[in-house]
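Have a look at the model first.

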Amino acid sequence: MITTNQGMDLLIERLKKDQSLDGSWNYPFETGLTTDIYMIVLLRTLEINDENLIKGLAERIISKQEKNGAWKLFHDEGDGNLSTSTEAYYALVYSGYFKKEDPRLQAAQKFISANGGIEKTSIFTKTMLSLTGQYKQPLFIPIPIELILLPLTYPINFYQFSVYGRSNLAPIMIIADKQFSKKTEKSPDLSELYTHREYGQDSWQRSPEMKSLLTYLKDGVENLIGTPERLHLLAIDRAKKYMLDHIEPDGTLYSYFSSTFLMIFALLALGHAKNDPVITKAVNGLKSMKTEINGRPHIQYTTASVWNTSLISFVLQLAGVSQQSSMVEKANHYLLEHQHHKFGDWVIHNPNSKPGGWGFSTINTINPDVDDTTASLRAIARGVRTNHTSGNEAWERGIKWLLSMQNDDGGWAGFEKNTNNKLLKRLPIEKGEFLLIDPSCADITGRTLEFFGNFTNISKNNQSIKNGIEWLYKNQEKDGSWYGRWGICYIYGTWGAVTGLTATGISPSHPSLQRAVTWLKGIQNEDGGWGESCHSDIQRKYIPLHTSTLTQTSWALDALIAASPKPTKEIQKGISYLLASLEKDDWTTDYPKGQGMAGGFYIHYHSYRYIFPLLTLAQYKNKFER
């Protein structure tokens, strides 16, 4: 077996080889097939005949089909995912490169019909199908577009939705209001995917609680000054203005695929021509997010270049690469260039702060987030400490912004402050807790505390630090773990919380940390590694993957290393697994390690198999081998 140093050298050389000329790392941000599917549907609907792209995307989609005809979101999902399978079938037929008579599509149709047909797909699938004239019922959401006019003082208003919720809700409200859909001469007939079963009304229509909430919204709208007709027109204009005001330089709405896709249809609903410059630029922006995986194109949901670069720059320095090396210097120069200088929507709930955060992608200029900001600050920290003045101003601005983004409950969320209105959870929008609110979470709170504890001179007795620690104590699960909002899932949250608590001076003997360590040891696999299923996210409890992954093993080990004064047998066994598996290449290396929406949106970060093993090996070496 290779040594710790040899393992680190192997990973460093790989990262060095993959760095781009501008100093960044552009590993694919792979989010399943949805974006590829929707891109085919969009191009065909707009009659943009980019055949090379459409054919390449279709080939990628068919290559991911299971033997039973279905498509999955993750390896151990079960027989398949009905919504994804329905969308894939639609895109393949619409592409023109696959016929319904193809045995593979026949198998897909059989799976879809056996599992309830189009009628049982998710609201997101039905929305896309409705937009393109394939779903029999028009798009309907029980939220009046006039919601966007309600003042900030009203208990439910547009800016109490998360930034992700707003960016998708604004175009959806326009589309729903106009009852818009668009078919073309090439639009397929999907009648074979309907089972014609009666499922009754949606549950929200029968719920007294829901009717009460919607009445509350209606009352707020009726108290606005103006005639209903004028208010309605004003609301449509406000929603359109919101979209146009948040377009990034590359033409995308907020740099996200879904919101840009919806914005294009909203503009069509408002009478814009399909070759309108705003629509053309938006489509080109989506095309520019194309990457290549195993020789086939994949349309990324967004790009992850800032995130990748900040994590890699820091971990290289942790592993002993000099901050004066060209690799680190170029990376940090890239990061400093991408610190935000514009005000975004975050200022609405945080009006006394100035810009200073970092976003997730190169194309993101107005939507910074807490996790990317701490990651970028870690990367430039050593340069600031050694009086490299070019980063001092960026450092101060970043620290101030981070502190200002702490929620009133003591935790930190992803993108905005205090956007956790419990009333919004009652709205009848599937997966609404992931789309509509942005609450404090253990992974980001822990990682923020870890940054403050290990990289700044902020006192452990600082009230912000103490409040963050208390939030973690209050939100620990009974079994000793923490739920991680942006990763899979309990291992991720526990790693963030444990490293955050230890960095802020909490003793490893503290009961909270002891329970976490006991939990991590208890779920270690026989081979020394760790692995967690995406089912954890759906069921909201830890579900083992029954096999080990490089990334989750690294998270669990890093937590144990942080909370252990000496290398335990569990740590040693885990390190052995890691060193023996660095060049592993099977389904576990492609298994999602991140998530955006339980049961619907999972992320495979191609960079993680290098970043986190290197982080853990470096932490192990620095603490136990020196």
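## Ground rules

A cavity, on a 1 Å grid over the protein atoms alone, is a set of points where a 1.4 Å probe fits but cannot get out, while a pocket is an open set with protein on both sides within 12 Å along at least five of seven lines; lining residues have an atom within 4 Å of a point. Grid points are joined across faces, edges and corners, and a volume is the space filled by probe spheres set on the points.

This is a predicted model, where local features need pLDDT of at least 70, side-chain atom pairs count only at pLDDT 80 or more, and totals for chains, interfaces and linings use all residues. Residues are numbered from 1 along each chain as its sequence is written, and side-chain values use heavy atoms, with hydrogens and water left out.

## The overall build

The chain has 26 helices and seven strands; helices (H or I, at least four residues) and strands (E, at least two) are DSSP runs, numbered from the N terminus. Its radius of gyration is 24 Å, close to the 25 Å that the globule rule gives for 626 residues, so the chain is as compact as a globular protein of that length. (That radius is taken over C-alpha atoms, and the rule is 2.2 Å times the number of residues to the power 0.38.)

Along its principal axes, the C-alpha trace spans about 70 × 60 × 45 Å. Of the 626 residues, 62% count as buried, where buried means under 20% relative accessible area, exposed over 50%, and partly exposed in between (1.4 Å probe, protein chains only).

How many cavities of 30 Å³ or more does the structure hold? There are two. (Ala, Val, Leu, Ile, Met, Phe, Trp, Tyr, Cys and Pro count as nonpolar, Asp, Glu, Lys and Arg as charged, and the others, Gly among them, as polar.)

The second largest cavity holds about 30 Å³ of space. Around it sit Phe314, Gln317, Arg378, Ala381, Arg382 and Phe455. Helix α15 gives the most to this lining, with three residues.

## An open pocket

Now for something open: the second largest pocket has a volume of about 590 Å³. It is lined by 29 residues, and Phe314, Leu318, Glu450, Asn454 and Gln619 lie nearest its centre. Its lining has 13 nonpolar, eight polar and eight charged residues.

## Rings meeting rings

A search of the whole structure finds 38 aromatic pairs. Rings of Phe, Tyr and Trp (its six-membered ring) pair if their centres lie within 6.5 Å; planes under 30 degrees apart count as stacked, over 60 as edge-to-face and the rest as tilted. Tyr159 and Tyr242 make an edge-to-face pair, 6.3 Å centre to centre with 70 degrees between the planes. This pair links distant parts of the chain, 83 residues apart. Tyr242 is buried, at 4% relative accessibility.

Phe451 and Phe455 are stacked, at 5.9 Å centre to centre and 10 degrees between the planes. They are four residues apart in helix α18 (residues 442–455), so about one helical turn separates them. Phe451 is buried, with a relative accessible area of 0%, and Phe455 counts as buried at 13%.

A cis peptide bond joins Ile488 and Cys489, with omega about -15 degrees. Cys489 lies in the loop between α19 (463–474) and α20.

Glu47 has a positive phi of about 55 degrees although it is not a glycine. It sits in the loop between α2 (34–45) and α3 (51–63). Ser255 also has a positive phi, near 70 degrees, and is found in the loop between α10 and α11 (257–269). Buried or partly exposed? Glu47 counts as partly exposed at 43% relative accessibility, whereas Ser255 counts as buried at 1%.
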